[in-house]
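User: Could you walk me through this structure in plain words? I am new to this, so please spell out the terms as they come up.

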Amino acid sequence: MTTTTLATSLLCDGGGVPLVLLHGFPLDLRMWRPVAAELGDRVRVIAVDLPGQGHSDIGSLPPTLEAAADAVHDTLRAQGEGNAVVVGLSMGGYVALALAERHPELVHGLGLVDTKSTADDEEARANRYRIARTVTDEQSTDAVAGMRSKLLGPTSAMERRALYPTLDAWIRAQSPAGVAWAQNAMAARPDRTSVLESFDGPVAVVVGAEDQITPVADAHHMVDAARDAVLTVVPNAAHLSAVEEPAAVAKALLDLHDRVARI
């Protein structure tokens, strides 16, 4: 198995089963800091930079979410973590589902934030491959620079304008190779609704009410598939609810952590 060690950051040094946070695209673990600030020292929180994002190298990993999941697993094991509550936003949610499928012994609880369990349709898949080719050919992340307007919702456009330059900086900090790797990996992902159907642990599904990328209907699909799921719809937030309304997301994740602790 080909893998690589990923960059991680201990955002909170609390107790209990660690809460492992996987970021969205085209970002890195910094997007979880607002949620960590709300969690304080109540739980142990480890954020991970996915392959090619932030401070994590791609190494020789093939561009698949399965490879990303294996890398997260191996990184956590190398740090002595035997089990976790795994939470992913958007692309991070895709990796979290792959992790639950491939390494179920690690995942005691599953948090799915502004994401979906289904695969891309043909149009979305073709667009991902097109962007991957463009950033590779141009050696620039310009092709994804405009994503901020899709990631944030109308409430943020009116009331949280300070988030825009922050998102710009995060996106611009990503490497073209990492952006291409991630797009190719997401394009190739299968439908993993069946993972939710068989998952034994508690699940938290969180979605911004204004999310147009993975809307509330996608969240309901996952809740209906899971055995033990709680849905949180976050008002006044879109696809980056963890950045737009971190207190609400932190509350949902604390509830998930408590549910795992009661098992």
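Analyst: R189 lies over the face of Y94, at 3.8 Å from the ring centre; a charge sits over a ring if NZ of Lys or CZ of Arg is within 6 Å of the ring centre and within 35 degrees of the ring normal. The model is predicted, so local features need pLDDT of at least 70 and side-chain atom pairs count only at pLDDT 80 or more, while totals for chains, interfaces and linings use all residues. Residues are numbered from 1 along each chain as its sequence is written, and side-chain values use heavy atoms, with hydrogens and water left out.

User: Which residue lies over the face of Y164?

Analyst: That is R161, at 4.2 Å from the ring centre.

User: And how many aromatic pairs are there?

Analyst: A search of the whole structure finds zero aromatic pairs, where rings of Phe, Tyr and Trp (its six-membered ring) pair if their centres lie within 6.5 Å.

User: New topic: at what angle do α2 and α3 pack?

Analyst: Helix α2 (residues 65–78) and helix α3 (residues 91–102) pack at about 75°, with their axes 8 Å apart. Here axes are lines fitted to C-alpha atoms, for helices over the stretch in contact, and angles run from 0 to 180 degrees between N-to-C directions. Helices are DSSP runs of H or I with at least four residues, strands are runs of E with at least two, and both are numbered from the N terminus. The angle makes α2 roughly perpendicular to α3, a label for 65 to 115 degrees.

User: Which residues of α3 meet α2?

Analyst: M91, Y94, V95, A98, L99 and R102 of α3 meet residues of α2 that include L65, E66 and H73, with contact meaning heavy atoms within 4.5 Å.

User: What about α4 and α9, how do they pack?

Analyst: Helix α4 (residues 122–138) and helix α9 (residues 176–187) pack at an angle of about 160°, with their axes 8 Å apart. They are therefore roughly antiparallel to each other, the label for angles over 145 degrees.

Methods: Angles under 35 degrees count as roughly parallel, over 145 as roughly antiparallel, 65 to 115 as roughly perpendicular and the rest as oblique. Rings of Phe, Tyr and Trp (its six-membered ring) pair if their centres lie within 6.5 Å; planes under 30 degrees apart count as stacked, over 60 as edge-to-face and the rest as tilted.
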